[in-house]
Amino acid sequence: MSSAPPTAATTVPSGMTCLRCDAAWPVETYAAGCPRCASEGQASNLKLTYVSEGRGIRLPPALALGEGATPSVELPALAQMMQLGRLTAKLEWCNPTGSHKDRMSARLIARAVSCDAPLVVAASSGNGGLSIAAYAARAGLPAEIAVTASLVPSYRRAMAAHGARLVEAPDSLARWEHLARRVTEGAFAASNYRLPAIGTDPFGIDGYKTLAAELAGPAQPDLIIVPSARGDLLSGLRLGFEEIGGVMPRLIAVEPFPRLARVMAGEDYRSRFDGRTAQVSIAGETVTFQALAALRATGGLAVPVDDKAARRAQAALAACGLHAELSAAAALAAVEEMARDGCLAGRHVTLVLTGSGLRDPGAHDPATWPHTNERPHAAAPPAMSGFLPPRTETSVQQRDNG
């Protein structure tokens, strides 16, 4: 692809602004997202704002391991089959730890260091936890990753190799409860842990603006297909393209069962959307306002892709030389679905292949696939070192579509 607009030098954010109500706030860590929205029973993430103006993206400092500048690969045979003008794949598994998460982790860990955090904690099904473990090791910062029994051995070994401490929780929600307790003790949270879900710290989300910078320019795609759960990558892409200026590409969220699609149709973004999937990296029954806002701002939509369609797409990509994890391969299945009526004829589409199939959780025993039962009140976790008693605080669950 042609060269992207220059990325502005890293700078210090001047403030924060709510994605939902536009309220301005000083630069702090806001556990519940926007304080105004939280007081109204809403749940919205914030974005960083900067004094500097002009073309190009603004970014907070990062602790780099060489992330970014990943290759784009042309897929002409698949483009012709779907009557596209052009189909490219952005190989995010070429980042240092093998996924797009490194763009976010570089800035999350730098933020944790600047806050003098004694510990960084995250809940993960694989890619995110490994990335946090690696960047925390780079910074000399202790890391603790909350996981479930379904975490595949290759991820366990890799996280442990970086010195991270793994805490196994009985289910997905119990991981978030563990993070919440650690945060009250002074830890820095490097992943979402709230209900209703908000998303990751804005410093991390800014890291995904670098992907927008790499895709922007004269050969910019018309549509960008993004595997998505809670919308961190979606939001970062939207914010990056807004700062760069020019034509905004449509962002298409790919999900394993209807969640955002139902919200786009009118359901409350704070609702719970039950489902079972082998697409572990984008599983979960929650969505976020930041994901909804990214789709609305770009004229995008959410496309549900079931596991069967994702496996067919995974095989099609492998036949082109690209072995993507199941969650990433679902992006191709979403394009196939959208292209059926010829509405994408002649368009340039980019697939964000977020992770490699070499560590694909979806290739393992179906009995270990997570069922998205993030219950409002999780059972107490079994006794284990470092796992404290569950808190009793309840989450706001009012119904309003923001």
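A helix here is a DSSP run of H or I with at least four residues, a strand is a run of E with at least two, and both are numbered from the N terminus. The expected span of a helix is 1.5 Å times one less than its number of residues.

Now, our model. It is predicted, so local features need pLDDT of at least 70, side-chain atom pairs count only at pLDDT 80 or more, and totals for chains, interfaces and linings use all residues. Residues are numbered from 1 along each chain as its sequence is written, and side-chain values use heavy atoms, with hydrogens and water left out.

Start with helix α3, residues 101-114. What should its 14 residues span? The answer is 20 Å, and the end C-alpha atoms are 20 Å apart, which agrees.

Next, burial. Buried means under 20% relative accessible area, exposed means over 50%, and partly exposed lies in between, with a 1.4 Å probe and protein chains only. In α3, 11 of the 14 residues are buried, so the helix is largely enclosed by the rest of the structure. Among them are Met 104, Leu 108 and Ile 109. After α3 comes Asp 116, with a positive phi near 55°.

On to strand β13, residues 348-353. Here 6 of the 6 residues are buried, so β13 is largely enclosed too. In a regular strand, side chains alternate between the two faces of the sheet. His 348, Thr 350 and Val 352 cover one side of β13, while Val 349, Leu 351 and Leu 353 take the other.

Which strands pair with β13? Pairing takes at least two DSSP bridges. Strand β5, residues 86-91, runs parallel to β13 over 6 bridges. There, Leu 91 stands opposite Leu 353. Strand β10, residues 223-227, is also parallel, joined by 3 bridges. Its Ile 225 partners Leu 351.
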